Amino acid sequence: MSESTLDTPTTFDPRAFRDVMGHYPTGVVVVTAVVDDEPVGMVVGTFSSVSLDPPLVSFMPMTTSATYAKLRAADGVCISVFAHDQLQACRTLASKDPEKFDKVEWSRSPSGAPVIAGAVAHIHGRIEREIEAGDHYITLVAVDDIAVSRPVTPLLFFQGGYGGFSTTGLSAHVDESLISAVRIAEAARPQLDRLAQRFGCSAAALVQISALDQTIGATSYGGDTDADERIGVRVPLIPPLGEAAVAWSPDQVERWVSRIHPQDEQVITAYREAAQRVREQGYAISRVDHDPEGYERLGEALSEYAGGELTPARDRAVRTTIAGARHFFGGSVEASETGVRLASVVVPVFAPDSGNPVNSGLVLRLCHLPAAVDGATVQEWVRAMQDAAAEVTEALRTSARRDYARYAAAGLRDA
């Protein structure tokens, strides 16, 4: 172009600009220095390599940034490239907490700037020049020293969320511990077949594979039920899902409710009470008698979650749908009820050789159940499932003990 267009007024919504630019992922770094004997730092997603000869890098702070006003006066800066597992450090250093540098591990560079421990790389240099560009500066840093400190994947910012880079794309990481998890689900195969045939429904064994997820490890189908569940798909342990998987462990319940966003104390209390109810009655249910379309939307969200890695924007949308499904879960069924329509019934499989009921990481679930039944029928389902779960516990103690030992040793429930 022969003429500058910097002063040309925009004709589109600024939100559209942010949305489009949000489709481009950026790395995340923190630029640090010591000013007046106090550590100073700002987290930015605008770091870039500029020149090899001379070696220059850049970042782009807002012109109104009070932190940058301090940084620009420093003799030297250190740029630490966050690793994929440093999200908490990133959030801490991005906060306005005056004591944030007391909450992360760091050391001093030769120029005195804070060097953040655990980062992928560190770039040491001096702010050499800044160019005002709209509401930001383009700040050029002359590089004095540079090194890869920890060769792991970096932290990325994308569509308003943080994540990591997967060198294998969307492929699943299958290892011995996950295989053991699926094998203990297979230990429930005889019981699943019997339940599915007896009640004309689908039956599944779900096994916990991390603190965040279960997977469908084995399925069986009775009556006219379609085989529509895939082995190995992820099922999130995000409230309201997963009550029966966490209810018998106070620590797991607390981790479970910590995933509620936003953290509303009234909602958290309600979920703790729901987990207590499941523990007392020995089963969890989900109902569809009042909102079948809403339950269908939940199913679509779970299918999307199971389909692979989600962009931050889609992850937020899926989690919002899951959170909005709270009214389907957390209840019980009285024997006197009629016209009951359930989407699922779930019971835990307890760990073998434990003095108190402790979830083994495995639950049994019935779906595609007959509709408009009475409460006594539901209680019959529950008793049959609990009897089946006790048989699976015995199998984990005997015929499947080696697989269960490997699974327990892998610590997948606390991963």
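A salt bridge is a side-chain nitrogen of Lys or Arg within 4 Å of a carboxyl oxygen of Asp or Glu. The model shown in these views is predicted, and the structure holds 16 salt bridges.

**View 1. A salt bridge joins Arg-183 and Asp-403.** The side chains of these two residues meet with an N to O distance of 3.7 Å. The pair links distant parts of the chain, 220 residues apart. Arg-183 belongs to helix α4 (residues 176–186), while Asp-403 belongs to helix α12 (residues 401–410). Arg-183 has a relative accessible area of 45% and is partly exposed. Asp-403 has a relative accessible area of 17%, so Asp-403 is buried.

**View 2. Asp-403 also forms a salt bridge with Arg-406.** In this pair the closest N and O atoms are 3.1 Å apart. Both residues lie in helix α12, and the three residues of separation are about one turn of the helix. Salt bridges that share partners join Arg-183, Asp-403 and Arg-406 into one network. Arg-406 counts as partly exposed because its relative accessibility is 36%.

**View 3. Asp-97 and Lys-103 are joined by a salt bridge.** Side chains of opposite charge can pair when their charged atoms come close. Here the distance from N to O is 2.5 Å. Asp-97, at 24% relative accessibility, counts as partly exposed. Lys-103 has 54% relative accessibility and therefore counts as exposed.

**View 4. Helices α9 and α10 cross each other.** Two packed helices are described by the angle between their axes and the distance between the axes. Helix α9 covers residues 292–306 and helix α10 covers residues 312–323. Their axes come within 9 Å and cross at roughly 145°. The crossing is left-handed. On the α9 side, the contact is made by Arg-297, Leu-298, Ala-301, Leu-302, Glu-304 and Tyr-305. On the α10 side, the contact is made by Arg-314, Val-318, Thr-321 and Ile-322.

**View 5. Three residues form a nonpolar patch on the surface.** The patch consists of Phe-17, Val-20 and Met-21, which together have about 300 Å² of accessible area. Phe-17 lies in helix α1, which runs over residues 14–21. The relative accessible area of Phe-17 is 46%, so Phe-17 is partly exposed.

Definitions and conventions. Residues are numbered from 1 along each chain as its sequence is written. This is a predicted model: local features need pLDDT of at least 70, side-chain atom pairs count only at pLDDT 80 or more; totals for chains, interfaces and linings use all residues. Side-chain values use heavy atoms; hydrogens and water are left out. Patches are made of residues with over 30% relative accessible area and no salt bridge: like charges are joined within 9 Å, nonpolar side chains (Val, Leu, Ile, Met, Phe, Trp, Tyr) within 5 Å. Accessible areas come from the Shrake-Rupley method with a 1.4 Å probe; for residues, only the protein chains shown count as cover. Helices (H or I, at least four residues) and strands (E, at least two) are DSSP runs, numbered from the N terminus. Buried means under 20% relative accessible area, exposed over 50%, partly exposed in between (1.4 Å probe, protein chains only). Axes are lines fitted to C-alpha atoms, for helices over the stretch in contact, and angles run from 0 to 180 degrees between N-to-C directions. A crossing is left-handed if the near helix is turned anticlockwise from the far one by less than a right angle, and right-handed if clockwise. Contact means heavy atoms within 4.5 Å.
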